[in-house]
Amino acid sequence: MKTMNRRSAIALGVTAAAMAPLFTTATFAKTKKYGPKEGKEIAPGVRMVEVGTGNSDIPAYKSIAIVDVVFQPGAHAPQSVMPNDMVCTITSGAFTIKKVDKEFKLKVGDVYTCAKGKTDEATNTSKEVGVHRIAMLIPA
């Protein structure tokens with residue numbers, strides 16, 4: 001595992017600060033209830049809905065795209081390689097996330113990150129529709 005240097009720590013801090021407004025309680029309140037056919041299907045019972053995009057003030061990223069990944073109860077998104085760095089939060093449901101070196105459980109309000117080129121898979125472990133709100137950081 002690579003150690004974090006000062007520059008990486010500062011970049012991570014700036015990124016986290018820039019992402020904070022995207023994941024506030026007001027943002028959660030605006031998350032709508034999605035129907036089973038909204039967005040684009042990316043796996044059985046899993047759909048991606050585009051929420052919006054914006055320019056980034058973070059030098060390493062030119063823009064940020066926000067998407068909601070909507071999981072039906074019990075749905076599973078198989079392991080896939082992350083195309084960009086991402087900051088993710090759970091806006092409904094409960095999930096088990098598997099990465100190469102760890103597995104963890106998340107509930108509403110929890111936040112985690114995905115690094116470009118790393119693998120990730122998710123399963124909605126709740127009996128309700130689950131939603132990941134993802135901020136995809138598009139490189140400059």
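This is a predicted model: local features need pLDDT of at least 70, side-chain atom pairs count only at pLDDT 80 or more; totals for chains, interfaces and linings use all residues.
**View 1. The protein has 2 helices and 10 strands.** From the N terminus on, the elements run α-α-β-β-β-β-β-β-β-β-β-β. Helices (H or I, at least four residues) and strands (E, at least two) are DSSP runs, numbered from the N terminus. Of the 140 residues in the protein, 39% are buried; buried means under 20% relative accessible area, exposed over 50%, and partly exposed in between (1.4 Å probe, protein chains only).

**View 2. Six strands form an open sheet with antiparallel pairing.** The order is β1-β2-β3-β10-β5-β8. The edges belong to β1 (40–43) and β8 (111–114), each with a single partner strand, so one side of each is left without a neighbour in the sheet. From one strand to the next, the twist averages 30°, where axes are lines fitted to C-alpha atoms and angles run from 0 to 180 degrees between N-to-C directions. Look for K40, whose bridge partner in β2 is M48.

View 3. The side chains of D68 and Y34 are joined by a polar contact of 2.7 Å. Such a contact is a pair of N or O atoms within 3.5 Å; within protein, one must be able to donate a hydrogen and the other to accept it, and residues adjacent in sequence count only if both atoms are side-chain atoms.

**View 4. Strand β9 pairs with β4 and with β6.** β4 and β9 are antiparallel, paired over 4 bridges, and here V81 stands opposite T119. Another 4 bridges join β9 to β6 (residues 94–98), again antiparallel, with T96 opposite T123. Because 5 of the 6 residues of β9 are buried, this strand is largely enclosed by the rest of the structure.

**View 5. The second largest pocket has a volume of about 410 Å³.** On a 1 Å grid over the protein atoms alone, a pocket is an open set of points where a 1.4 Å probe fits, with protein on both sides within 12 Å along at least five of seven lines; lining residues have an atom within 4 Å of a point. Of the 22 lining residues, I42, V69, S80, M82 and I134 are the closest to the centre. The lining divides into 18 nonpolar, 2 polar and 2 charged residues. β4 gives the most, with 4 residues, and the strands that supply at least two each include β3 (61–71), β5 (85–92) and β10 (130–139).

**View 6. A115 lies in the loop between β8 and β9.** With a relative accessible area of 33%, A115 is partly exposed. A115 and D85 are 30 residues apart in sequence, and their C-alpha atoms are 4.5 Å apart in space.

Conventions:
Residues are numbered from 1 along each chain as its sequence is written. Side-chain values use heavy atoms; hydrogens and water are left out. Two strands pair if DSSP finds at least two bridges between them. Grid points are joined across faces, edges and corners, and a volume is the space filled by probe spheres set on the points. Ala, Val, Leu, Ile, Met, Phe, Trp, Tyr, Cys and Pro count as nonpolar, Asp, Glu, Lys and Arg as charged, and the others, Gly among them, as polar.
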